[in-house]
Amino acid sequence: MRVLLTGATGMVGQGALRECLLDERVTEVVALGRTPVGKNPPPWLPASGGKFTDLTAGDLYDPPPLDGFGACLFCLGVSSVGMKEPDYRRVTYDLTMAIAVPFAEANPGARFAYVSGAGTDASSRTMWSRVKGATENELLSMDLDAYMFRPGAIQPMHGVRSKTALYQGIYNVTRPLIGPLKMAFPGAFTTSELLGKAMVRAAVEGAPIRVFGSREINAFGAGRDPEASR
C-alpha cells in the first residue's frame, strides 16, 4: 500500500512515519508538508530503504495532485491555546478538508486515519473539541473508509520529539512519572509507537470500530481486538 502522511515533522506524525517504514505492507510513504522531513531527519529515517518520499507544498490549502494512494494518515494539528475559534477552525477544519476532499475524489473509498484528541465532541461547549468534532463528522460522511483517533497523553518513544519546546520540556520533566500514571490511569495514556502502529494497522487492514480512545489505540496497536478493551 502507498500511504500519504501529513504532519510528519510533529510528534504524532514522526511516530506514524516510523511505523510506516517498519511495516512491510506499506510500500511507500509520502510525507506532504510545507517543510521537508529530509531537511532535519529523525535518526532512523536514513534506514528507510527508499520507502520514503517528501512532497513539499508551499500552500497546503491548495495541495498537489493526491492520486494513487490507498490510505492517508492525517497527523496535522495545532494547539488551540490563545486562538480564537475562526482562526482555530481555519487551521483545523478548513485545512483538513482542503486535503481530505481532493484525496477522497482521487482515491474514492480509501482509508483515512485522523488524529483528533480525547474529549472531542461536536456538541461540546469547549471550542477545540467542537471544531475537532465537526471535522470528524465531516470526514465520516465522505467517500472514505475513515477512522478517528482520540489519544489522551502521548509518551514519545524511539527518539520521537515534539516540535513545541514547551511540550517537549513537559515530557522531559514528567518522564519519571509516566510509568506510575499509566498504571493508575491506563485509559488516559498511549505512546507514539502504539498510536503509529494502530493508525498503520487501520490503514492496511481496516478496523471494526470508527472511533479510538487511548484504550482502543493501545489494544489495536498491540495487535489485539480494540472492542475487547472497552
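Leaving aside its neighbours within four places in sequence, which residues is Gly 133 in contact with? The legend to Figure 1 gives the answer, and the model shown throughout is a predicted one.

Figure 1. Beyond its neighbours within four places in sequence, Gly 133 is in contact with Thr 120, Asp 121 and Ala 122. Its relative accessibility is 2%, so Gly 133 counts as buried. Met 148 lies 15 residues from Gly 133 in sequence. In space, the two residues are 9.9 Å apart, C-alpha to C-alpha.

**Figure 2. Packing of helix H2 with H3.** H2 covers residues 85-106. The axes of H2 and H3 are 10 Å apart, at an angle of about 15 degrees. That angle is under 35 degrees, so H2 is roughly parallel to H3. The crossing of the two helices is right-handed. From H2, the residues that meet H3 are Glu 85, Tyr 88, Arg 89, Thr 92, Tyr 93, Thr 96, Met 97 and Ala 100. Their counterparts in H3 are Met 127, Trp 128, Arg 130, Val 131, Lys 132, Ala 134, Thr 135, Glu 138 and Leu 139. Sorted by class, the contact of H2 with H3 holds nine nonpolar, three polar and five charged residues.

**Figure 3. Packing of helix H1 with helix H5.** H1 runs over residues 11-22, and H5 over residues 192-205. H1 and H5 cross in a right-handed sense. H1 contributes Val 12, Gly 15, Ala 16, Arg 18, Glu 19 and Cys 20 to the contact. H5 contributes Ser 192, Glu 193, Leu 195, Gly 196, Lys 197 and Val 200. Five nonpolar, three polar and four charged residues make up the contact of H1 with H5.

**Figure 4. Packing of H5 with helix H6.** H6 comprises residues 214-221. The axes of H5 and H6 come within 8 Å and cross at roughly 70 degrees. H5 is therefore roughly perpendicular to H6. On the H5 side, the contact is made by Leu 194, Leu 195, Lys 197, Ala 198, Arg 201 and Ala 202. On the H6 side, it is made by Ile 217, Asn 218, Phe 220 and Gly 221. By class, the contact of H5 with H6 has six nonpolar, two polar and two charged residues. Leu 195 and Lys 197 of H5 are listed in the contact with H1 and also in the contact with H6.

**Figure 5. Burial of H6.** Seven of the eight residues of H6 are buried, so this helix is largely enclosed by the rest of the structure. The buried residues are Ser 214, Glu 216, Ile 217, Asn 218, Ala 219, Phe 220 and Gly 221. Their cover includes S6, strand S8 (189-191), H5 and S9. Just after H6, Gly 223 takes a positive phi of about 90 degrees.

**Figure 6. Aromatic pairs, including Phe 103 with Phe 112 and Phe 149 with Phe 212.** The model has six aromatic pairs. Phe 103 and Phe 112 form an edge-to-face pair. Their ring centres are 5.9 Å apart, with 65 degrees between the planes. Both Phe 103 and Phe 112 are buried. The rings of Phe 149 and Phe 212 have centres 4.5 Å apart and planes at 10 degrees, so this pair is stacked. The pair links distant parts of the chain, 63 residues apart. Phe 149 belongs to strand S6 (residues 145-149), and Phe 212 to strand S9 (residues 211-212). Phe 149 has 0% relative accessibility and so counts as buried. Phe 212, at 0% relative accessibility, counts as buried. Ring pairs also join Phe 69, Phe 74, Phe 103, Phe 112 and Tyr 114 into a cluster.

**Figure 7. Overview of the protein chain, with six helices and nine strands.** Of its 230 residues, 50% count as buried. Among contacts with a separation of 6 or more, 70% are between residues 24 or more positions apart.

Methods:
Residues numbered from 1 in each chain as written. Predicted model: local features only at pLDDT ≥ 70, side-chain atom pairs only at ≥ 80, totals over all residues. Heavy atoms only, no water. Axes fitted to C-alpha atoms, helices over the stretch in contact; angles between N-to-C directions. Helix = DSSP H or I, 4+ residues; strand = E, 2+ residues; numbered from the N terminus. Left-handed = near helix turned anticlockwise from the far one by under 90°. Contact = heavy atoms within 4.5 Å. Nonpolar A, V, L, I, M, F, W, Y, C, P; charged D, E, K, R; others polar. Phe/Tyr/Trp six-rings, centres within 6.5 Å; stacked < 30°, edge-to-face > 60°. Buried < 20%, exposed > 50% of the residue type's maximum accessible area, 1.4 Å probe, protein only. Parallel < 35°, antiparallel > 145°, perpendicular 65-115°, else oblique.
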